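Dear colleague,

I am passing on the structure we spoke about, and you will find it just below. My notes on what was found in it follow.

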Amino acid sequence: MNHIFLELFNEVNINEIDYAYHLPLFFNGLCEVEYPYSYFAQEGIKDLLLNGKKRVLPVLPQLILPIKNALNTKNRTIIAATLKILQVLVSNSETIGEALVPYYRQILPPLNLYKSLNVNIGADIDYSQQKRENIGELVQETLEMLETYGGKDAFINIKYMIPTYESCIQS
């Protein structure tokens, strides 16, 4: 996988990149824990998402399994990074949020487990909030974004998978 990262980060025009090949490859890299591979995967995903908005939707079905695998690792660092990437993915384009709804049954079950993982340290300072590494808060933010960008069917699908979720949209 090393040669792919080097190839992509050596002054390659982003418009020439094959999204169908490279975006799923980067998403598979979300499970990496070793630096610099984890960094390259996350930054590569962000660059590709932000620079190729219309090119992401056709590749979306290929991203579901890597997202599911990353969320199922039970590694908090990987889960936090994946949730942040999921937020970028959903907010990146108007169409991706709705296109993701049919895949909620595959990616939301692990979030039900992590929803209550809020760090309670009493009167001490929790620095994970500043770094956005508190899994419970990231899950809540992600679910709210999925509902907001997912259209009219998003809430009912989220509620089916995560019964304790309350809607963030005021009716």
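The protein chain holds eleven helices and zero strands, where helices (H or I, at least four residues) and strands (E, at least two) are DSSP runs numbered from the N terminus. Please bear in mind that this is a predicted model, in which local features need pLDDT of at least 70 and side-chain atom pairs count only at pLDDT 80 or more, while totals for chains, interfaces and linings use all residues. Residues are numbered from 1 along each chain as its sequence is written, and side-chain values use heavy atoms, with hydrogens and water left out.

Of the 171 residues in the protein chain, 42% are buried, a term that stands for under 20% relative accessible area, with exposed meaning over 50% and partly exposed what lies in between (1.4 Å probe, protein chains only). Among contacts (heavy atoms within 4.5 Å) between residues at least 6 apart in sequence, 66% join residues at least 24 apart.

Turning to the aromatic side chains, the structure holds three aromatic pairs; rings of Phe, Tyr and Trp (its six-membered ring) pair if their centres lie within 6.5 Å, and planes under 30 degrees apart count as stacked, over 60 as edge-to-face and the rest as tilted. The pair of Tyr35 and Tyr39 is tilted, because the ring centres are 6.1 Å apart and the planes stand at 45°. Tyr35 is exposed, at 62% relative accessible area, whereas Tyr39 is partly exposed at 41%. Phe155 and Tyr165 also form a tilted pair, with 6.1 Å from centre to centre and 45° between the planes. Since Phe155 lies in helix α11 (residues 154-161) and Tyr165 in the segment after α11, this pair ties together parts that are ten residues apart in sequence. Phe155 is partly exposed, at 27% relative accessibility, while Tyr165 is buried, at 0%. Ring pairs also link Tyr35, Tyr39 and Phe40 into a cluster.

As for pockets (on a 1 Å grid over the protein atoms alone, open sets of points where a 1.4 Å probe fits, with protein on both sides within 12 Å along at least five of seven lines), the largest pocket has about 250 Å³ of space, the volume being that filled by probe spheres set on the points. It is lined by 15 residues, of which Gln42, Thr77, Ala80, Ala81 and Lys84 lie nearest its centre, lining residues being those with an atom within 4 Å of a point. The largest share of this lining, seven residues, comes from α6.

With best wishes
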